[in-house]
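Me: I have a model open and a few quick questions about it. Can we go through them?

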Amino acid sequence: MTWAVFLLVAIGLLLALLFAGVRIFAAFLALNLVGLTLLLGPRGFGLFSNSIYETATSQSLMTVALFVLMGEVLFRSGTVAVLFDSIDRLVGRLRGRLYVVTIALSTVFGALSGSAVAVAAMLGRSVLPLMQERGYDTRLSAGTILAGASLAPIIPPSLLAIIVGSLADVSIAGLLVAGIVPGILFASLTLGWVLLSGDSAATRPSAPPPGIPASDVPASGVPVSGTGLSVPLAIARMLPFLIVVFSVMGLILLGIATPSEAAATGVVGAVIVAALFGRLSVRMLGDAVASAVTISGVILVIVCSAKLFSQLLSLAGATRGLVALTGELGLGPDFTLLLMMLIPFLLCMFIDQIAFMLLAVPIYQPVVAAMGYDPIWFWTLFLIILTVGSLTPPFGYTLFALRGANPSLSTARVFSAAWPVVGIFLAGMLILWAVPALVTTIPALLK
């Protein structure tokens with residue numbers, strides 16, 4: 001069996017299993033077992049066990065489990081609700097403030113969950129009905145939520161960045177901080193789109209929400225949050241969250257801690273924040289640990305299977321064959337990059353981001369090295385295009401997460417809201433392609 005036939009059969013089998021509804025980890029395990037049997041026979045099961053053990057004991061995967069635990073502690077303690085109220089109060093004197101609140105909250109929630117689908121569903125249930133009730137344009141509101149949710153896999157600490165770094169042998173710390181500037185860029189482009197959209201809610205005072213008396217509406221005509229917080233108190237209530245930010249990104253940027261160590265200090269910081277707000281309890285910690293163990297266990301099995309898949313590609317000669325084929329085609333770096341971005345853009349409309357990432361990274365890795373791309377720059381663009389694919393009509397599953405979270409939205413309305421967001425992200429990618437320093441400057445400071 002030639003390497004090309006093996007690669008096509010492997011990809012076809014995996015996609016068939018995923019489309020059939022088989023869980024990601026089960027699909028990869030089945031693919032690896034079939035591949036080992038075809039290539040090595042019974043002798044391959046020694047490679048199977050050794051590969052899984054080597055990957056499962058990798059220190060970099062500990063980072064995933066600890067970041068998941070940090071997010072679980074903050075969510076289950078209810079401290080995120082405190083942050084929500086404080087942000088809402090701080091922007092309460094801005095006209096069309098809920099657009100700004102949505103972008104800010106999606107950035108925070110995205111950093112905690114790392115999942116665009118989770119953030120879209122969460123904001124679709126909580127924020128979108130409020131925006132509709134206050135007369136905000138539904139299409140623009142849904143688009144803002146989709147744009148904000150799509151920041152989740154990009155901004156640090158991104159679980160997808162950690163997994164890519166583990167699979168592609170790229171600096172995890174570098175990939176994490178590489179998302180800072182792109183995240184700010186996409187958030188700024190989204191905010192600019194909102195302000196230029198012409199929605200009257202973005203340029204006129206909003207009506208007081210239910211339960212807010214007219215006396216609580218300031219002179220600007222914009223109602224403040226119903227929490228009754230003063231601005232100094234809102235700022236004071238946000239300060240403890242700086243502990244978590246410094247514990248993670250601050251220690252990495254200062255070169256004091258590795259990503260694994262920073263993740264551990266982030267967990268400690270989350271526990272301290274929960275305690276400061278009086279939300280710390282044994283039951284909460286137990287629930288957070290149990291949920292984090294479940295999520296991390298599934299991710300561990302998936303990554304172990306993906307590592308073994310990359311070894312199978314090497315055994316079949318697919319790695320060498322892809323590099324040789326790339327050289328023979330003579331497409332040039334820019335056209336090759338376009339092709340490598342187009343494939344995930346199309347396929348991530350249909351399948352999960354992690355599923356495609358685990359399939360593509362072993363295939364892309366030798367091509368990236370052969371073409372001489374900066375690995376931090378390339379894999380950051382790769383993470384972004386995965387996100388764009390997942391929110392592109394008609395099959396992007398982030399769209400259906402938002403649609404399912406808010407039954408009042410029609411599918412056509414969600415699709416129409418998504419197209420401007422896709423355009424914003426593609427425009428941002430062009431900027432990052434033209435100015436690679438926007439991605440690589442901060443990671444270079446860590447060296």
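Me: Is Leu331 buried, partly exposed or exposed?

Reply: Leu331 is partly exposed, with a relative accessible area of 33%. Buried means under 20%, exposed over 50%, and partly exposed in between (1.4 Å probe, protein chains only). This is a predicted model, where local features need pLDDT of at least 70 and side-chain atom pairs count only at pLDDT 80 or more, while totals for chains, interfaces and linings use all residues. Residues are numbered from 1 along each chain as its sequence is written, and side-chain values use heavy atoms, with hydrogens and water left out.

Me: Where is Leu331?

Reply: In the loop between H16 and H17. Helices are DSSP runs of H or I, at least four residues, numbered from the N terminus.

Me: Which helix gives the most to the nonpolar patch?

Reply: H17, with six residues. The patch covers about 770 Å², and Leu331 is one of its residues. H16 (318-329) and H17 (333-347) are the elements that give two or more residues.

Me: Other topic. Where is Thr79, and is Thr79 buried or exposed?

Reply: Thr79 is in helix H5 (residues 79-90). Thr79 counts as buried, at 0% relative accessibility.

Me: What does the side chain of Thr79 make a polar contact with?

Reply: The side chain of Ser77, at 3.1 Å. A polar contact is a pair of N or O atoms within 3.5 Å; within protein, one must be able to donate a hydrogen and the other to accept it, and residues adjacent in sequence count only if both atoms are side-chain atoms. A polar atom of the Thr79 side chain also lies 3.1 Å from the backbone oxygen of Leu74.

Definitions and conventions. Patch = residues over 30% accessible without salt bridge, like charges linked within 9 Å, V, L, I, M, F, W, Y side chains within 5 Å. Areas by Shrake-Rupley, 256 points an atom, 1.4 Å probe, with all protein chains shown as cover. Salt bridge = Lys/Arg side-chain N within 4 Å of Asp/Glu carboxyl O.
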